[in-house]
Amino acid sequence: MLSRLLRGLLYLVYGLVVVTTFALAAYVSFSLFVRSGTTRVPPVREMARAEATALLADQGLRIRAAKEGRYDDKVPVGRVVRQQPDAGTFVKRGSSVQVIFSKGPQRVEVPDLAGKNLPASQAALSGAGLALGQLLGAFSRDAAEGTVLGQDPGPGDAVAPGTPVNMLLVMSVQRERYVMPDLVYRNYDQVLPYFERYGFPLGSVKYERYEGVAAGVILRQYPLPGHPFTKQDNISLVVATAESPELEPAMITPAEPISR
């Protein structure tokens, strides 16, 4: 009885071994049959075109380059920046692998900002994909106040998008300031040539009758004596017209600059 049980168990194990072996052989045969026409896509990123073409050909694959390249800061120009299908993917032999070649880091041209005011410069930078950098000021008599006198990077330079552009803007030149002399009771005919000779503009000149004061004598003035003024300020005078005994005109003291 025991011997029959052992014999039956042996036949059962033998049968399981045969079935397992047959199943394993069938699976291997089926896999080899199915995969005999496939291959794994090799990695071609950062390869030059000739190198990538040769490697794909070794696997029975063809290269297909995209019409448009792609900007990349890390992959040099002319090398593969992307591939499709990805490396490691199983594909049929004879299939093509699309690759995109790098155009290198993207660069934009810096516009010429010379002579533009700040709003116009900002618009030009924004249109070029650049940012506004630091603003510095400098005095200049030859350029309009608030316009660009210099820039960094310079016009025409090729830079990365978003690069800040620093600008040097023209500041107004500080005007020379003078101390207004006392012109009251001085003769207008003597004052006028002096101010004209040194470029001081006389604005409004009014005439009033004033008893006891000779004609041509200055009665009032603006700016007042001792006040600061520049050559761009107008000087207003009130001059006597009434005839009376002439007063000896005082000598004119030149206006002294107080700052430059």
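Visitor: Leaving aside its neighbours within four places in sequence, which residues is I235 in contact with?

Guide: In this predicted model, I235 touches M180, F195, F200, P201, L202, G203, S204, Y222, P223 and F229.

Visitor: And which residues touch the most other members of the largest nonpolar core?

Guide: That core has 14 residues, and those with the most contacts to other members are L183, F195, I218, I235 and L237.

Visitor: Which elements each supply at least two residues of this core?

Guide: They are α4, residues 188–197, and β15, residues 235–240. The element that gives the most is α4, with four residues.

Visitor: What does a second, separate core include?

Guide: The second core consists of eleven residues, among them V80, V97, V99 and F101. In soluble globular proteins, nonpolar side chains tend to be buried together.

Visitor: Changing topic, what is the order of the open sheet of three strands?

Guide: The order is β2-β5-β3, and the pairing is mixed. At the edges lie β2 (62–65) and β3 (80–84), each of which pairs on one side only. From one strand to the next, the twist averages 35°.

Visitor: Do β2 and β5 pair in the parallel or the antiparallel sense, and over how many bridges?

Guide: Strand β5, residues 96–101, pairs with β2 in the parallel sense, over four bridges. Within this pair, V97 in β5 stands opposite I63.

Visitor: Which strands does helix α2 touch as it packs on the sheet?

Guide: Helix α2, residues 49–58, touches β2, β3 and β5. The direction of α2 makes about 145° with that of β2.

Notes
Residues are numbered from 1 along each chain as its sequence is written. This is a predicted model: local features need pLDDT of at least 70, side-chain atom pairs count only at pLDDT 80 or more; totals for chains, interfaces and linings use all residues. Side-chain values use heavy atoms; hydrogens and water are left out. Two strands pair if DSSP finds at least two bridges between them. Axes are lines fitted to C-alpha atoms, for helices over the stretch in contact, and angles run from 0 to 180 degrees between N-to-C directions. Contact means heavy atoms within 4.5 Å. A nonpolar core is a set of buried Ala, Val, Leu, Ile, Met, Phe, Trp, Tyr and Cys residues joined through side-chain atoms within 4.5 Å. Buried means under 20% relative accessible area, exposed over 50%, partly exposed in between (1.4 Å probe, protein chains only).
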